[in-house]
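The following note is intended for a colleague who is meeting this structure for the first time. Please read the numbered points with the sequence and the model at hand.

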Amino acid sequence: MIITNFSKQRNEFKEPKVLKTKPHWQGQNLSDTTVKSKEPKIQDTTSDSSIVNSLNRGRVAIFIDGLNLFHTALQLGIEIDYVKLLCHLTNGSRLLRAFFYTGVDISNEKQQGFLLWMRRNGYRVVAKDIMQPAENFKKSNLNVEIAVDMITLAPYYDTAVLVSGDGDLAYAVNAVSRMGVRVEVVSLQTTTSESLIDVADCFIDLDSIKAHIQKDSNLGYSYRTPSNSNL
């Protein structure tokens, strides 16, 4: 599995952010130290587990662009196991919250059942009704919601995991980085914007971890629709 891990060189020094609630640190508390200048960007081909386990990630927040991940899974020819995905992205760190952003077709009961399952299995679902423009092409973009949540919650987490390859999110990633947050971008390298990779502290190619997050062929989930749930 290939992971690109790097840091950015800056000419400025900044004070570390202070969390309103301190996370369970695996090492020294960053709030007790000053921020040192960072080394130039380098590429590391070590396995992701060894890199992540050696890092003090603090409290982690996960932001998943559902539509982007759906199209990536199609290109990889896999079906995502969202329990495995959540465990792999958290990787033993303390999870603040895992967001899943998606457009919703209210007439699609199968999708409603899937989102209900997601809510009950560790995800905070942020949904927006799918718009259908005059050209009869359904679409829904939640980049604004992702950006706002990343920036608003930045004082409460130390590492952001962004599952998206959309370059429109590069500005938000750069903004939270300036607030002292470490940002890991997880996406398919061949379809990820270079501008997003450039502002991230760490990039993980989904193709290199697909074996860890795909659904077992002989297993499946029974997604309940709202009509047969207790809600």
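1. Just after α2, Gly-77 has a positive phi of about 70 degrees. Helices (H or I, at least four residues) and strands (E, at least two) are DSSP runs, numbered from the N terminus. The model is a predicted one, in which local features need pLDDT of at least 70 and side-chain atom pairs count only at pLDDT 80 or more, while totals for chains, interfaces and linings use all residues. Residues are numbered from 1 along each chain as its sequence is written, and side-chain values use heavy atoms, with hydrogens and water left out.

2. Which residues of α2 are buried? They are Gly-66, Leu-69, Thr-72, Ala-73 and Leu-76; buried means under 20% relative accessible area, exposed over 50%, and partly exposed in between (1.4 Å probe, protein chains only). These residues cover an arc of only 125 degrees around the axis, so they lie on the same side of α2; the arc is that of the directions from the helix axis to the C-beta atoms. On the other side of α2, Leu-74 and Gln-75 are exposed. The cover over the buried residues of α2 includes β2, α3, β3, β5 and α8, where contact means heavy atoms within 4.5 Å.

3. A positive phi also occurs in a residue other than glycine: that of Asn-91 is near 50 degrees. Most residues other than glycine have a negative phi. Asn-91 is placed in the loop between α3 and β3, and it counts as partly exposed because its relative accessibility is 27%.

4. The largest nonpolar core has 30 residues, and those with the most contacts inside it are Tyr-82, Leu-85 and Tyr-123. Such a core is a set of buried Ala, Val, Leu, Ile, Met, Phe, Trp, Tyr and Cys residues joined through side-chain atoms within 4.5 Å. Among the elements that give two or more residues to this core are β2 (59–65), α3 (82–90), β3 (94–104) and α8 (206–213). A second, separate core of 25 residues includes Phe-63, Phe-99, Ile-146 and Leu-162.

5. Apart from its neighbours within four places in sequence, Tyr-123 is in contact with Ile-64, Tyr-82, Leu-85, Leu-86, Ala-98, Phe-100 and Met-118.

6. The structure holds eight aromatic pairs. Rings of Phe, Tyr and Trp (its six-membered ring) pair if their centres lie within 6.5 Å; planes under 30 degrees apart count as stacked, over 60 as edge-to-face and the rest as tilted. One of the pairs, Tyr-82 with Phe-100, is edge-to-face, at 5.7 Å centre to centre and 85 degrees between the planes. Tyr-82 lies in helix α3 and Phe-100 in strand β3, so this pair ties together parts that are 18 residues apart in sequence. Both Tyr-82 and Phe-100 are buried. Elsewhere, ring pairs link Phe-63, Phe-99, Tyr-101 and Tyr-157 into a cluster.

7. In helix α8, Ile-209 counts as buried because its relative accessibility is 1%. Ile-209 and Leu-85 are 124 residues apart in sequence and 9.6 Å apart in space, C-alpha to C-alpha. Helix α8 is also the place of Ser-208, whose side chain reaches the backbone oxygen of Asp-205 at 2.6 Å. A polar contact is a pair of N or O atoms within 3.5 Å; within protein, one must be able to donate a hydrogen and the other to accept it, and residues adjacent in sequence count only if both atoms are side-chain atoms.
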